[in-house]
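Biologist: I have not looked at this one before. Can you take me through it?
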Amino acid sequence: MHPIEPLILSQTRTSFSLLVLLPMLVGRRGWQRITLPTPDLIQCLVLGMLGVAASNYFYYVAIQRTSVAIAIVLQYTAPVWVLLYVVARGQQKLSLQKVAAVLVALAGISLTIGIVGTSSGSSLRLDRWGLVAAMLASFSFAFYNVGGHRILARYDRWRVLTWTLASAAIFWLIVNPPWKILATHYTIAQWTFLFVFSMISVLGSFSLYFLGLQYLEPTRAIIASCLEPVFSILLAAVFLTEGVRPIQTLGIVLVLSAIVIVQLPGRGVADKESVVVDPIE
């Protein structure tokens, strides 16, 4: 297969998912199933562009230029940035648990990308733009969750997902119009891959995650979803023969530990103060 650019991968992922999801939601109860007041609709459109579209694109750029392990670990530092934001806004109080989570995450990032732990002669030689893209994906992921917290409290997730996907799809149509896509001359096999990838990575994963929420409280479901980086790294090692150095492995373990720590409810902390990050990368 000829290489598929991150932009096409991000664009088709949201567009195909929207084309399948929209008829499913409006087919029975009509457009009332997904209607939103104008202010909330605008918020969803912004979340779609700066959250979903941006995090998708930068995440795939990071994978292309670094590795699956580094890209997904750096992106999954999003709960730490969400935590820092809500603490700065006074929505949560700073605690020893939160401070420990941030410090562990920063230490893990430093080891994973080779800021510390490697000598000048044994540099990891990671692509700088790939690292920047991974961090931008993390910030976009955090933005989506911070911006979408209030609206998700008022509307069901499928309604919000529909409009964020619509916003991302329209944004990509403007950035990369259909005639540019046709000029790439992708094969039937490539289009089939893009469609199947969209169904599995968006609609399939969300359906299973929502099903899990029926049996698990949100905090436990979120911690369980943090196994995604673990499985991604293992699958990349098996199928893509991607290797990670021992120092990077330690960094990855530290980042994953920080993610779990930041999601655990603190002693005496009310449920309304918990930080919940849904998987939408």
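Biologist: What share of the 281 residues in the protein chain is buried?
Modeller: Buried residues account for 46% of the 281. Buried means under 20% relative accessible area, exposed over 50%, and partly exposed in between, with a 1.4 Å probe and protein chains only.
Biologist: And where do the numbers come from?
Modeller: This is a predicted model, in which local features need pLDDT of at least 70 and side-chain atom pairs count only at pLDDT 80 or more, while totals for chains, interfaces and linings use all residues. Residues are numbered from 1 along each chain as its sequence is written, and side-chain values use heavy atoms, with hydrogens and water left out.
Biologist: How many helices and strands in the protein chain?
Modeller: There are 12 helices and zero strands. Helices (H or I, at least four residues) and strands (E, at least two) are DSSP runs, numbered from the N terminus.
Biologist: Pick a helix residue. Where is arginine 159?
Modeller: Arginine 159 sits in helix 7, residues 157-175.
Biologist: Buried or exposed, that arginine 159?
Modeller: Arginine 159 has a relative accessible area of 15%, so it is buried.
Biologist: Which residues is arginine 159 in contact with, leaving aside neighbours within four places in sequence?
Modeller: Gln32, Arg33, Ile34, Thr35 and Leu36. Contact means heavy atoms within 4.5 Å. The arginine 159 side chain reaches the backbone oxygen of arginine 33 at 3.0 Å, and a polar atom of that side chain lies 2.8 Å from the backbone oxygen of threonine 35.
Biologist: Changing topic: how many aromatic pairs?
Modeller: The count is 11. Rings of Phe, Tyr and Trp (its six-membered ring) pair if their centres lie within 6.5 Å; planes under 30 degrees apart count as stacked, over 60 as edge-to-face and the rest as tilted.
Biologist: Why is the pair of tyrosine 57 and phenylalanine 58 edge-to-face?
Modeller: Because the planes of tyrosine 57 and phenylalanine 58 are at 65°, with the ring centres 5.5 Å apart. Phenylalanine 58 is buried at 18% relative accessibility, whereas tyrosine 57 is partly exposed at 25%.
Biologist: Which residues form the aromatic cluster?
Modeller: Tyr57, Phe58, Trp129, Phe171 and Trp172 form one cluster.
Biologist: Last one. What is phi at histidine 185?
Modeller: Near 55°, a positive value in a residue other than glycine. Most residues other than glycine have a negative phi. Histidine 185 is in the loop between helix 8 (178-182) and helix 9 (188-213), and histidine 185 counts as exposed at 63% relative accessibility.

Key. Polar contact = N/O pair within 3.5 Å; in protein donor to acceptor, adjacent residues only side chain to side chain.
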